[in-house]
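Colleague: Could you walk me through this one? I'm new to it, so please go slowly.

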Amino acid sequence: MDAGTLLVQWLISGLSLGGLYALMALGLSLVYSILRLVNFAYGELILVAGYTLFLLNPTPIPFLIVVGIAIALAAITSILTERIAFRPVRSADPNTGLITSFALSALLQNAALLFISPRPQGVPMPALFTDNVRIGAVFFAQRDLISLVVSLVLLALLVAFLTRTRLGIGLRAAADDFTMACLLGVNASRIIAAAFAISGLLAGVVAIFWVGRVGTVTADVGTTPVLVAFVAIVIGGMGSLTGAAIGGFLLGFLNVGLQFVLPSDLLAFRQAFLFGIVILVLLFRPAGLIASGRTVDRV
Amino acid sequence: MLVPLFTYDLSGSTVLRLSMSSPRSSPTLCSYSTVNAKDAKTIILISVLCCGCRGSPDLVILIAMTNSLQIDTVSVQFAGLRALDAVSLTLQRGEIVGLIGPNGSGKTTLINAITGYVPLTNGQIYVSGRRISGLPPHRIAHHGIRRTFQTIRLFKQLTTLENVEAAAVAAGQSRRAASKLAHATLERLALSDRARQTAESLPYGEQRRLEIARALVTAPPFLLLDEPAAGLNESESDSLLNILIGIVRADGCGLLIIDHDMRLIMRLCDRLHVLNYGRTIAEGDPASVRANPDVIAAYLGGRR
């Protein structure tokens, strides 16, 4: 393949994967920047959406509506986890919230194992997702192009929401300095609920494409995405929303790029190379690419 | 639908209801009452309706801006330390009260207590007769109380304009009104040129001004400033305070200010309130407070 073709392939694949990573990272980062809570149960929202796709697949409901229901259920689950699990420990030590999120994650995963199945379940995707399309000399799965468009549109909507609406400005203010925002009259509970709702919505959208890539859903389907999202917000800069998005895209491009540049016998160690680069980034920028300037605990 | 032409916190205002037997007779007073925050909107509606009916014999008159912030024997206990001990203080709208005292005397704790940042151990706080102590911070803010911190606490990653807009939006303004108010406030504090820059990129003195812009944007009835001029040089702090006084006098808000610069405090304040070890040791006009032996002893040491 010539260089131009490779470049197009890298750009599109990188944007597609990076877009998903960025959405996930933003969902995780939104909650983190407001509550200083790394919500490891975030991955289980992908589980909820994934199993919804699986369970509703045999029904005559059209695919796009199933997708809508799956995304809505992820958002609702996110709001409920905040209400039921995180709100009671909100004023406790941040580590309590972290442990709560692990507990919640284990609970939901085991519920899926117990009540649905311990085996991977196939989620057939419609032709729209699985067909290939030719761009120049390269073939792409339409799914990748759709995910690219959807994530870019969603990112643009999110930016518009965060900069133009009252709730969005409140969210960004709260993400910057939660206490100060409350002292100016921002309703803490409402802003936290909104953060969890958006976080769940993003997880739901990511779930569709994540499950679409793999084609199956398992109880641990959320583990890798949440880990990737976490790494993305760390290299982007904990607490910075822009940083989270940049971190997501960076990971996506690196991941796809390594696939091209590594010799085939080293491809199995792609993750090692990827995280090696992450470590290098952190060596030079310990607070992440965009430091939020508030890495110390809040008083 | 009625679209209010302006929004203004009317809580604490007095309403007089007058009745007139005919449009030309002199009115007689039938009742008066104090508006609480909940009724404020209703009252506006009533007065709009009354004005709407021509020849209506009833008049509703609003006498605004009579509210006060009342701190009633407030105590705050931190584990073994009594940070505030039965402190009482009333702040009227339109007056500037200086809160002074040596380091650790409880000045900042008092502001923290008023704004719901730390819980009270004892005592109550009222805004125009309505209890605000025990409410969550955002509800207290909705009673028209704004504060600044001794250390600058801007929304660093937001732009200058967004910092002020966020405050207006948090106070319940619409997106459009918030933007308009924010632009006007930046203009007043000479920050318009910086509107699109992030807050953290501003020079220190302008960050201080932005903090005040953010607190002032919705013309709050009560403003609590914790060392607003900290870290500024003399000419910077003079110009900041001149802007501040102008705004305070124009908006008629009550200002409680903490500062260590006695020259400035003496010049600025209508009244002083002195704390030492969490207790009130003196209050009154600046001249009498400066002459008070307890105050001199607290600052310079010595037996009382």
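Colleague: Which residues does A213(B) touch, leaving out those up to four places away in sequence?

Modeller: In this predicted model, A213(B) touches V164(B), T185(B), L186(B) and L189(B), where contact means heavy atoms within 4.5 Å. A213(B) itself lies in helix α6 of chain B, residues 204–216, helices being DSSP runs of H or I with at least four residues and strands runs of E with at least two, numbered from the N terminus.

Colleague: Is A213(B) buried or exposed?

Modeller: A213(B) has a relative accessible area of 0% and is therefore buried, a word that stands for under 20%, with over 50% being exposed and anything in between partly exposed (1.4 Å probe, protein chains only).

Colleague: How should I read the numbering and the cut-offs?

Modeller: Residues are numbered from 1 along each chain as its sequence is written, while chains are lettered from A and ligands numbered from 1 in the order in which they are written. Because the model is predicted, local features need pLDDT of at least 70 and side-chain atom pairs count only at pLDDT 80 or more, whereas totals for chains, interfaces and linings use all residues, and side-chain values use heavy atoms, with hydrogens and water left out.

Colleague: What about chain B overall, how many helices and strands?

Modeller: Chain B has 10 helices and 13 strands, and of its 304 residues 48% are buried. Among its contacts between residues at least 6 apart in sequence, 66% join residues at least 24 apart.

Colleague: Which residues touch the most other members of the largest nonpolar core?

Modeller: They are I34(A), L53(A), L251(A), L210(B) and I257(B), in a core of 145 residues, a nonpolar core being a set of buried Ala, Val, Leu, Ile, Met, Phe, Trp, Tyr and Cys residues joined through side-chain atoms within 4.5 Å. Helix α9 of chain A, residues 188–214, gives the most to this core, with 15 residues.

Colleague: Which residues does I257(B) touch?

Modeller: Leaving out residues up to four places away in sequence, its contacts include I96(B), L99(B), L225(B), P228(B) and C269(B).
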